[in-house]
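Dear colleague,

I am passing on to you the structure that follows, together with some notes on what turned up when we went through it. Please read the notes with the model open beside you.

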Amino acid sequence: MALISMRGISLSFTHVPLFDGINLTVERGEKIGLVGRNGAGKSTLLQLIEGSVQPDSGAVSVQHGAHSAYLSQKVPKEIPGTVFDVVAGGSRQYADLVTKQPTAVLLNKNTTPLHEELDRIRRTPEVEGESYEKEQLSKMVSQLGADAGRAFNSLSAGLKRQVLLKRALVGEPDILLLDEPTNHMDIDSIKELEEMMMRFTGALIFVTHDRMLLQRIATRIVEIDRGRLFDQSCDFETFLVRRSADREAEETQNALFDKKLQQEEHWIRGGIKARRTRNEGRVRELERMREIRRSRLERPGKVKMEAHEAERSGTMVAKADKIGFNYGDTQVISRFSTTILKGDRVGILGPNGSGKTTLLRLLLGMLSPVTGTIRLGANLQISYFDQLLEQLEENKTVIENVGDGKDTVTVNGKTRHIVGYLRDFLFSPEQARSLVSVLSGGERNRLMLARLFTRPSNLLVLDEPTNDLDIETLDLLEDLLMNYTGTILLVSHDRTFINNIVTSTVVFEGGSVVNEYVGGYDDWLHQRPQETKPSKAFAGKQYGPPAQVPRAKPKFGFRLQRELAAFPQTIEWLEREQQELFQAMGEPALYKKDRADIVAANDRLEELKRLLAEAYARWEELEQLRLAGENSRLSK
């Protein structure tokens, strides 16, 4: 029996059908990426499986005894209790202390704090399974970058999300439902999330706009499109190729149908002669074709973006010379220097709270450095997308936020009515007249972009612009930024977005150290300094700093040539085994075996990942030695 079975599911909100008789079957071990446009019903589909939403018709079945955990897209504003309380709220073994809705328990101010109850239980004789559960709780909490006794409500949005994820995992669910799990997470946290998702052995269904996460994790992609499902068992890149072919076939079929309908309409209006000779069967067929055409659901339109570019700035946009900045006694940036020129596209990377937004404000002259100097270029016209969307006024309408009281907007010399302009960003006339407070996260981001692009600029500053945007809108935003002739400063945790846009990256690398690299996220991974690992012989011993003795580079002789020549085949073998293991882990049969077999498969996967990383690093090192040897010979 399948772990999840959905049959004939239909659901409508008001008069709009969200699902139209959809079917979906999910087996244990599958990792399903759920994609679709904003508002297509991705979150609702997860809620149908989780049970908090009921369909108008059809049935959702979950295998008897299977336990599910759900991480919502929205982080709750108020959950009383400590970090430990909230994580322990997902424990199944302590069902007498925590119900399936732990928030209700935590809201009861008269109850004993959960961590105190758990401490009391630890001092009592253990029952079967309890010791294991305690170990899991301790492990989950220790992995968080927050004190277990800290109040949950005092955490940042990113840390709150990690705590809620640990709560979902602590009960070892059979089904894990994740709705935009990377929102508010920094890159290091996203990489940890990837590792967890890779190791998870139950059924995983996740919604995300992170294309790199989709490509690395998903073994099956399900797209919600006009109330139906486009279901493909493949990785994300293969899915995009198949979807493109499917849409082309649909457009061709619709064009042929419309042409035939037009011919039949012409025949029925052909006058007396046609009416005398027409047959009733052909008339009935025409009526059927008209009904098919009326009921056809057209694909939603694409966002149309055009940035209002100002007169060009000077060649130099900003120059920072050994700048430093503190918050109280905490040093955020120390001795950082950079020169940003016209046309540069600079990505800024770093953990949450490291100082990325602070650096932006320093480079724009909104803050003054404690040490060092910053000089701004001439004729700068700045458009600023702030990650908290503070420029949007909740109690004003969409039109008022974009038009500032005017009925028209002017973009690149073309004047347009504001309602027509907002249609380009997929806002209907009704939505355009609604308050910002009723918009979803994705709609607010689109509104912010619509507002941003009406302002003339030659310097675009984008602080986390990708949150809640669907993948198609992300692709269009990328195209716009690639064609933008001004300068771009971009803060984002979306690795694919960074790779596709920027020409250089500024990275917070621990403490107050900030370094600059050429290229995007992947280029930074290759260029960043590698941490020196102590040899096993001296592990744990303190001998003081090593002597700084210059080392001669080894000559690129026959042995190294042979080693270099063998790497392509070695890497091919490792990647083939990795792919075969990925496929095996996607098969339900694996999870019918002993737990030891599943653990062994996971361990081998981790080992292959390590071996491949080492192989690529060594290959690159040998290539550099080979090139250095050739350059040395040529110079003689």
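A cavity, in these notes, is a set of grid points where a 1.4 Å probe fits but cannot get out, and its lining residues are those with an atom within 4 Å of a point. Please keep in mind that the model is a predicted one.

To begin with the chain as a whole, the secondary structure comes to 21 helices and 20 strands, and of the 636 residues 45% count as buried. Among contacts with a separation of 6 or more, 69% are between residues 24 or more positions apart. The chain exposes about 34,000 Å², and carbon and sulfur atoms supply 50% of that area.

A search of the whole structure finds two cavities of 30 Å³ or more. The largest cavity has a volume of about 80 Å³, and its lining is made up of T182, N183, H184, M185, I190, H209, D210, E464, T466, N467, H493 and D494. By class, that lining divides into two nonpolar, seven polar and three charged residues. The second largest cavity, with a volume of about 40 Å³, is lined by V317, A318, I340, L363, L364, L376, L380, L459 and L489, and here the classes come to nine nonpolar, no polar and no charged residues.

Two residues from these linings lead on to other parts of the model. E464, which lines the largest cavity, is placed in the loop between β17 (459-463) and α17 (471-483). E464 has a positive phi of about 55° although it is not a glycine, and it counts as buried because its relative accessibility is 6%, where buried means under 20%. L363, from the lining of the second largest cavity, is one of the buried residues of helix α12, which are K356, T358, L359, L360, L362 and L363. Helix α12 (residues 356-363) is mostly covered, with six of its eight residues buried, and just after this helix G365 takes a positive phi of about 80°.

S492 sits in the loop between β18 (487-491) and α18, and it counts as buried because its relative accessibility is 1%. Although S492 and L462 are 30 residues apart in sequence, they are 8.2 Å apart in space, C-alpha to C-alpha.

V502 counts as buried because its relative accessibility is 8%, and, leaving out residues up to four places away in sequence, it touches R345, V346, G347, L490, G519 and G520. V502 and L489 are 13 residues apart in sequence and 8.7 Å apart in space, C-alpha to C-alpha.

Which residues of the largest nonpolar core touch the most other members? Of the 50 residues in this core, they are L176, L178, M197 and F206. The largest share of the core, seven residues, comes from helix α21 (residues 595-635). Leaving aside neighbours within four places in sequence, F206 is in contact with I32, G33, L34, L178, M197, L213, L214, I217 and A218. Apart from this core lies another, of 45 residues, among them M212, V398, L439 and L481.

Two further places may be worth a look. F257, in helix α9 (residues 236-268), touches M289, I292, R293 and R296, not counting residues up to four places away in sequence; F257 and M289 are 32 residues apart in sequence and 8.5 Å apart in space, C-alpha to C-alpha. L426 lies in the loop between α14 (418-423) and α15 (429-432), and has a positive phi of about 65° although it is not a glycine. Is L426 buried or partly exposed? Its relative accessible area is 27%, so it counts as partly exposed.

With best wishes

Key
Residues are numbered from 1 along each chain as its sequence is written. This is a predicted model: local features need pLDDT of at least 70, side-chain atom pairs count only at pLDDT 80 or more; totals for chains, interfaces and linings use all residues. Side-chain values use heavy atoms; hydrogens and water are left out. On a 1 Å grid over the protein atoms alone, a cavity is a set of points where a 1.4 Å probe fits but cannot get out, and a pocket is an open set with protein on both sides within 12 Å along at least five of seven lines; lining residues have an atom within 4 Å of a point. Grid points are joined across faces, edges and corners, and a volume is the space filled by probe spheres set on the points. Ala, Val, Leu, Ile, Met, Phe, Trp, Tyr, Cys and Pro count as nonpolar, Asp, Glu, Lys and Arg as charged, and the others, Gly among them, as polar. A nonpolar core is a set of buried Ala, Val, Leu, Ile, Met, Phe, Trp, Tyr and Cys residues joined through side-chain atoms within 4.5 Å. Buried means under 20% relative accessible area, exposed over 50%, partly exposed in between (1.4 Å probe, protein chains only). Helices (H or I, at least four residues) and strands (E, at least two) are DSSP runs, numbered from the N terminus. Contact means heavy atoms within 4.5 Å. Accessible areas come from the Shrake-Rupley method with a 1.4 Å probe; for residues, only the protein chains shown count as cover.
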